[in-house]
Amino acid sequence: MNKFIRILGIVLLAVSAIFGIIFYAGPETASGAPTITNTILIWAGILAGVAALLSVIFPLIQMIMHPKKARGSLIGIVVLVVLGLVSYALASSEPLAFPKPEPNNVPTILKQAGMGIITMYILLGLGILSIIFTEISKVFK
């Protein structure tokens, strides 16, 4: 498995380096912009997709190989899902009053944006509380 990862990394790096060289040394349009820009953006999307896929597959393989260690990860995932559901329930979907019509001023988008903001506030608060708890518990040890 390590050999596969190493070969995959070398191939992706080589293709990216070739695109980089072509970007700077390749042909340009009449306005001076490189002609390969769109291709590089597509390649960046492919790399992001590969990274996302591998970041899901490898932890799943580790969970299957070491099921006792997977329990902690699954508890963390369940807590995050519950946090997301609570944040979604607390978020408002009431349209905002703008002087001009806004295409994103619809209940679904407003509910999702509110969920993201509430989730961020809850996680920020939990982070600050954990820092305070850690520092106070050090005093009593």
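**Helix packing in the predicted model**

The axes of H3 and H4 come within 8 Å and cross at roughly 125 degrees. H3 is therefore oblique to H4, a label for angles that are not under 35 degrees (roughly parallel), over 145 (roughly antiparallel) or 65 to 115 (roughly perpendicular). Axes here are lines fitted to C-alpha atoms, for helices over the stretch in contact, with angles from 0 to 180 degrees between N-to-C directions. Helices are DSSP runs of H or I with at least four residues, numbered from the N terminus. The model is predicted; local features need pLDDT of at least 70 and side-chain atom pairs pLDDT 80 or more, whereas totals for chains, interfaces and linings use all residues. Residues are numbered from 1 along each chain as its sequence is written, and side-chain values use heavy atoms, without hydrogens or water.

On the H3 side, Leu83, Gly84, Ser87, Tyr88, Ala89 and Leu90 take part. They meet Lys111, Met115, Ile118, Thr119, Ile122 and Leu123 in H4, contact being heavy atoms within 4.5 Å. By class, this contact has eight nonpolar, three polar and one charged residues. Ala, Val, Leu, Ile, Met, Phe, Trp, Tyr, Cys and Pro count as nonpolar, Asp, Glu, Lys and Arg as charged, and the others, Gly among them, as polar.

H4 covers residues 107-139. At 1.5 Å a residue, its 33 residues should span 48 Å, and the end C-alpha atoms are 48 Å apart, which agrees; the expected span is 1.5 Å times one less than the number of residues. Leu110, Lys111, Gly114 and Thr119 are the buried residues of H4 (under 20% relative accessible area with a 1.4 Å probe, protein chains only; exposed is over 50%, partly exposed in between). Their cover includes H3, residues 67-90.

Asn105 lies in the loop between H3 and H4. It counts as buried because its relative accessibility is 16%. Leaving aside residues up to four places away in sequence, Asn105 touches Pro95, Leu96, Phe98 and Leu110.

A second pair is formed by H1 (residues 2-25) and H2 (residues 37-65), whose axes come within 10 Å and cross at roughly 165 degrees. H1 is therefore roughly antiparallel to H2. H1 passes H2 in a left-handed crossing. From H1, Ile5, Leu8, Leu12, Val15, Ser16, Phe19 and Phe23 meet Thr37, Thr39, Ile40, Trp43, Leu47, Val50, Leu54 and Phe58 in H2. This contact has 12 nonpolar, three polar and no charged residues.

Terms used. Helix = DSSP H or I, 4+ residues; strand = E, 2+ residues; numbered from the N terminus. Left-handed = near helix turned anticlockwise from the far one by under 90°.
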